[in-house]
Amino acid sequence: MATSERPSDRVDFERPSIARVSDALMGGQDHYAADRAVLQQILDIAPDSPAMAQEVRQWLVRAVRYLTERLGVDQFLDLGSGFPTVENTHRVAQKYDPEARVVYVDNDPVVQAHGRALLVDNDYTHISGNDLLRPAETLADVRRFIDLERPVGLVLCAVVHHITDLHQAQQVVKSYVGALAPGSYLVLLHHHNPDDGTEAATVAASLQDRFGRTGLDTHYRSRAEIASFFDGLDLLEPGLTAPHEWWPDGPRLAPLTPVNRTSLCGVARIPQALSRRTQ
Ligand SMILES: C[S@@+](CC[C@H](N)C(=O)[O-])C[C@H]1O[C@@H](n2cnc3c(N)ncnc32)[C@H](O)[C@@H]1O
């Protein structure tokens, strides 16, 4: 991009973007009519999707808090981060360690523009516009801000399901995992189709179909497929669960609905044997 070009010069606001649809789901401000049209279609299928988006964010908060506060992780690489507005990785990590370094990677130009403006006064947080499907380039950039010789919290929250081909998705995750130091952690959440005849399976299939029609491909994979992203890693308790089941903060007050069963998440330690294999 030429330096005089603004990110908004190459944004087509007539087409929805998954970053802005996600922001609309979270109750944020960074979305347009095309994004809200997709949001409405999601709500027609699963009216509780905004509550589920909050559940996902609360899981991320608990996972990052655990890594920072309990395990002393002080560097995070958040790939496909979305807008760093609502309680996000840097806010949580820097609450427990004000000098924790966070690199956000997101190739949506609106996310980059808003992110840079929001983070201008934060010396410990950087936003990069790299394509996460190009791990070598992304990691070369990331190295300028975090030390890959020390443990890193690698966050892939609600993004790997946008990679259509399962093998490519597995290779992308492996490339990042393999580049990190032993004692790093993978924090991953992925949309899930339980494929068990339940209402959750119907909702997952309908959402996948609807997202596909809007050009925002989103794959609701099986438990075994999602588990494959953690192959060779030491999955922490309670394992691969729905977000509300991963160390909840207290008793559940809101009722569960089918959409609560359409994501699986986990946190895993990267052991010595796996790290550095792609370098
Ligand atoms: C569904 S949103 C999830 C955002 C955030 N992680 C969360 O949990 O709220 C997926 C994000 O991944 C970003 N994304 C998708 N493909 C990407 C790619 N190839 N490289 C970088 N970012 C990507 C999108 O721009 C979007 O912001």
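Student: What makes Ser228 partly exposed?
Tutor: Ser228 has 16 other C-beta atoms within 10 Å. Buried needs 20 or more, and exposed needs 12 or fewer. The count for Ser228 falls in between, so Ser228 is called partly exposed.

Student: Where in the chain does Ser228 lie?
Tutor: Ser228 is in the loop between helix H9 (223–227) and strand S6 (234–235). Its C-alpha is 9.8 Å from that of Leu166, and the two residues are 62 apart in sequence.

Student: How do you know that the radius of gyration agrees with a compact globule?
Tutor: Set the two values side by side. A compact globule of 279 residues would have a radius of gyration near 19 Å. The protein chain has 18 Å, so the value agrees. Along its principal axes, the C-alpha trace spans about 50 × 45 × 35 Å.

Student: What share of the residues is buried?
Tutor: Buried residues make up 43% of the 279.

Student: Which residues touch the most other members of the largest nonpolar core?
Tutor: They are Leu154, Leu156, Cys157, Tyr185, Leu186 and Val187, in a core of 74 residues. Helix H3 (residues 49–70) gives the most to this core, with nine residues.

Student: What is Cys157 in contact with, leaving aside its neighbours within four places in sequence?
Tutor: Its partners are Val56, Leu60, Val187 and Leu189. Contact here requires C-beta atoms within 7 Å, so each of these pairs meets that cut-off.

Student: How many residues surround the ligand, and which are the closest?
Tutor: There are 19, and the closest are Ala19, Gly80, Gly82, Asn107 and Asp108. Helix H1 (residues 18–25) gives the most to this shell, with three residues.

Student: What is the make-up of the shell around the ligand by class?
Tutor: Ten residues are nonpolar, six are polar and three are charged. Among the closest, Gly80 and Gly82 are named. Gly counts as polar, so both belong to that class.

Student: How confident is the predictor in the protein chain?
Tutor: The mean pLDDT is 93, and 95% of the residues reach 70 or more. Residues 1–9 stay under 50. For that stretch the model has five contacts beyond four places in sequence. Where pLDDT is low, predicted coordinates should not be read in detail.

Conventions:
Residues numbered from 1 in each chain as written. Predicted model: local features only at pLDDT ≥ 70, side-chain atom pairs only at ≥ 80, totals over all residues. Core = buried A, V, L, I, M, F, W, Y, C linked by C-beta atoms within 7 Å. Helix = DSSP H or I, 4+ residues; strand = E, 2+ residues; numbered from the N terminus. Contact = placed C-beta atoms within 7 Å. Near = placed C-beta within 6 Å. pLDDT = per-residue confidence, 0-100. Rg over C-alpha atoms; globule rule 2.2 N^0.38 Å.
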